[in-house]
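Hi there,

Here is the structure I promised to hand over. Have a look at it first, and my notes follow below.

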There are 2 protein chains.
Amino acid sequence: MLASWVPVPADSHFPLNNLPYGVFSTATSPLPRPGVAIGDSVLDLAAVQRAGLLSGPVLSAANNCFQQPVLNAFMALGRPAWAEARATLLRLLSADEGVLRDDVALRSRLLLPRSEVRMHLPAAIGDYTDFYASREHATNIGIMFRGRENALQPNWLHLPVGYHGRASSIVVSGTDVRRPRGQVVRGTAQPPVPSFEASAALDYELEVGCFIGPGNELGCPIPVERAAEHIFGYVLVNDWSARDIQRWEYVPLGPFTSKNFATSISPWIVTPDALEPFACSAPPQDDPQPLPYLRQRPGERTNYDIQLEVAIQPSSSSSGCSTEGGGGGSAGDAGGESSGQPTVVTRSNLRTMYWTLPQMIAHHTAGGCPLRPGDLLASGTLSCEGPLGAGCLQEATWGGSRPVRLGDGSERTFLLDGDTVVMSGYCQGEGYRVGFGECRGMVLPAAEL
Amino acid sequence: MLASWVPVPADSHFPLNNLPYGVFSTATSPLPRPGVAIGDSVLDLAAVQRAGLLSGPVLSAANNCFQQPVLNAFMALGRPAWAEARATLLRLLSADEGVLRDDVALRSRLLLPRSEVRMHLPAAIGDYTDFYASREHATNIGIMFRGRENALQPNWLHLPVGYHGRASSIVVSGTDVRRPRGQVVRGTAQPPVPSFEASAALDYELEVGCFIGPGNELGCPIPVERAAEHIFGYVLVNDWSARDIQRWEYVPLGPFTSKNFATSISPWIVTPDALEPFACSAPPQDDPQPLPYLRQRPGERTNYDIQLEVAIQPSSSSSGCSTEGGGGGSAGDAGGESSGQPTVVTRSNLRTMYWTLPQMIAHHTAGGCPLRPGDLLASGTLSCEGPLGAGCLQEATWGGSRPVRLGDGSERTFLLDGDTVVMSGYCQGEGYRVGFGECRGMVLPAAEL
Ligand SMILES: [Ca+2]
Ligand SMILES: [Ca+2]
Ligand SMILES: [Mg+2]
Ligand SMILES: [Mg+2]
Ligand code: NI
């Protein structure tokens, strides 16, 4: 662990090695502005910049980049600016640098307790794309729907399957998520008769997303070997999904209202520089080999060893509720504090993801589609081997047929009102962690009609 | 036709009755700003506002709404502002109003020849959604893939099927569109073996889109009976589609790179007020009736009688080329002027669209998805009865099996490099038209690798 004069608890996700970017505000200074997390503190980058402390050549020429309520301008500057900012911040916060450490007045303006800040979306997200890049996940879903022999669709090993998501409903961790109503088919009548109801199959999807830095022009693809230069950093993503709505609506154009009611992201964007020590290669892609526009050098380290976890924290009053009967109504007092004990229901890792983010970028832009700074690309549900390896309840409960048991004795096939889904993730270094913090959201009951 | 002191040619799409909004710039004043089209002229709304001529109470309080390079701020203001702006503009431009007509200096600053302006995207489009709302189109595509008995998917008559499109690749009419490369499967080998090639099945889709005015909060659906209040106005949409790429990629999450390389829109947004005389009811929805959240009053006039047309204009040198052999390479000099004669290949109408735009809005937001000012919702391919009723080549050529013949004797299954697709649309009043102008785009050859 790099030594900082800012206190960093031993198990903190935010040692000096990390320096993730986010956007925050405080009660006394409610204008959202960029900051970096360090230990239990936040360094106010707008104030750091105004104090003249970002004096390198690139950021001197872009001396407005942090005077904004989103990080898009900084994202657009690209690696030279990011490298300079990181070098400057590493120095300012290192144990033996006195300029901030020894100036009590300056320090108290620039360094704020993380417990007192409110986090916002880190970027204005122009477009959000979700992929389906985990082979374990696609295989399990495929077995469920088509049997083991035809688990993977014919295209799956040839291209990173993806679809356009909804940018307007992306919310930052901590935002409550209302159970959606939608069209579902309950019975087995033929032809099917839908009804309009609160989803009884609300699920989480554990994903990792990347924010785009510099974009590309319309008509100009990003080659896979240049794709990493376009990645500003990574966040955790919970792609909330209503399985019953999805099942009925998705043919033939894909998921729509089953996904567009909310997508939660963790507030701190962890950079490729911070993750570099944890880079690893993706699983081999040799049967079949990808087409040349998707081909990476064998062993190229484009995945990361990020330990990912999902816990469900029931509301304090939901103990013992069963999901039988479906719907959200049975979870008791969803308005109460979510103070039950969290139970870990998923343990996964980004390292086994089949299609890499550079491949997703190359595929996304292969026909000329422009990416813009602040666009979000998410991995799709990340599942892996192991007893808790399923990255969503659909898979963990095998389509709702094998409930998971929580620590309070209750069972879940899908989420109940009042449940809080807590995702977290970190890389384990020698004696330190580089982490993402949490991506959490509590399920509110469906709105009254 | 309402009489204006601005000359309006007899067949103009832009008489005083219309007053569509767009964003333009000029060579001498290159900052994009809002304007309205009238005859062969454009009235500069930023200049009108600065001249103090928008003096009604709503716009006086929003006196910056046209001092911007996009219409989002004006869109967000809602119907009271739109009604006031229209009333003011109808008066300023009416034949017997002298304030502009008689002030040569003022008039020459505010009123510009349309031939001298360059049009831009009228809004910053946060999210773009494409539907599939024409029963004729869905039926024909269904027959092609599944036969007459199973033409419509089971969900089609119950909900307006839609998917999220790509906002970043929406371009304004006149922008050339590069033929995309992508993964396609050429042979019939099993399992299929894809290759990465220029699309040989590039298509247009004739659609009408609506721009959203005031949006809704996350978690707060827009009821169908309030949806019309959220519609700022309408444009023509060409949802360019690469059918060979689409066929391979779309299972199970829908179209992605087959659509995200470009979507063209016409530059002038025609308002509900201008279209009101041409409002008509949609086809009956009684077998089955939609669920209550989608139900409109019988006979409610939520469609419009808009005559729509698509023409293909080959490049001057492509005469006689056949599409045999696929790809774009055979079209000759795609860099030359597109001076061949246009041939009308589609004649359709918005009036027969099955799912209405208010229903699309109600369905889109039913689970709580927020719409924002400037979002674009498109109808999906608009087909209707009649010999030229197919709204795309996929349908017109029955999957590429029955080429259409152009006026120069050449045939098309799909588009060739150098082809310009010209969409237009208007409502026919007694002695005047309220029109959309054109949505055009020329196909450029795929980029060199
Ligand atoms: Ca997902
Ligand atoms: Ca379409
Ligand atoms: Mg989502
Ligand atoms: Mg498109
Ligand atoms: Ni978008």
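This is a predicted model: local features need pLDDT of at least 70, side-chain atom pairs count only at pLDDT 80 or more; totals for chains, interfaces and linings use all residues.

**Metal sites in chain A**

The calcium ion (ligand 1) is coordinated at 2.2 to 2.3 Å by the OD atoms of Asp130(A) and Asp239(A) and the OE atoms of Glu205(A) and Glu207(A). Along the chain, the donors of this calcium ion (ligand 1) have the spacing D-x74-E-x1-E-x31-D. Here, too, distant parts of the chain are linked: Glu205(A) lies in the loop between strand S12 (202-203) and strand S13 (206-212), while Asp239(A) lies in the loop between strand S14 (231-238) and strand S15 (241-242), 34 residues apart.

Why do we call Glu205(A) buried? Its relative accessible area is 5%, and the cut-off for buried is under 20%. Asp239(A) counts as buried by the same rule, because its relative accessibility is 1%.

**The metal site in chain B**

Chain B has a calcium ion of its own, ligand 2, coordinated by Asp130(B) (OD), Glu205(B) (OE), Glu207(B) (OE) and Asp239(B) (OD) at 2.2 to 2.3 Å. The donor residues of the calcium ion (ligand 2) are spaced D-x74-E-x1-E-x31-D in sequence. Asp130(B) in strand S6 (residues 128-131) and Asp239(B) in the loop between strand S14 (231-238) and strand S15 (241-242) of chain B are 109 residues apart, so this pair links distant parts of the chain. Asp130(B) is buried, with a relative accessible area of 1%, and Asp239(B) is buried with a value of 1% as well.

**An annotated histidine**

In an unreviewed entry, UniProt lists His137(A) under "active site". His137(A) sits in helix H7 (residues 135-146) of chain A and counts as buried because its relative accessibility is 4%. Which residues does His137(A) contact, leaving aside neighbours within four places in sequence? They are Tyr132(A), Thr381(A), Ser383(A), Cys392(A) and Glu395(A).

**Strands and sheets**

Chain A contains an open sheet of 5 strands in the order S9-S25-S24-S19-S20, with mixed pairing. Strand S9 (177-178) and strand S20 (343-349) are the edge strands, each pairing on one side only. Strand S19 (residues 307-313) of chain A pairs with S20(A) in the antiparallel sense over 6 bridges, and Leu308(A) stands opposite Ser348(A) in S20(A).

In chain B, strand S10 (residues 181-185) is mostly covered, as 4 of its 5 residues are buried. S10(B) pairs with strand S11 (residues 194-198) of chain B in the antiparallel sense over 5 bridges. Val184(B) has Ser195(B) in S11(B) as its bridge partner.

As background, strands of a sheet pair through backbone hydrogen bonds, either parallel or antiparallel.

Best wishes

Note on methods
Residues are numbered from 1 along each chain as its sequence is written. Chains are lettered from A and ligands numbered from 1 in the order in which they are written. Side-chain values use heavy atoms; hydrogens and water are left out. UniProt positions are given in the numbering used here, feature names are shortened, and annotations may be inferred rather than shown by experiment. Helices (H or I, at least four residues) and strands (E, at least two) are DSSP runs, numbered from the N terminus. Buried means under 20% relative accessible area, exposed over 50%, partly exposed in between (1.4 Å probe, protein chains only). Contact means heavy atoms within 4.5 Å. Two strands pair if DSSP finds at least two bridges between them. Donors are N, O and S atoms within 2.8 Å of the metal (3.2 Å for Na, K and Ca); water is not among the atoms, so sites may look incomplete.
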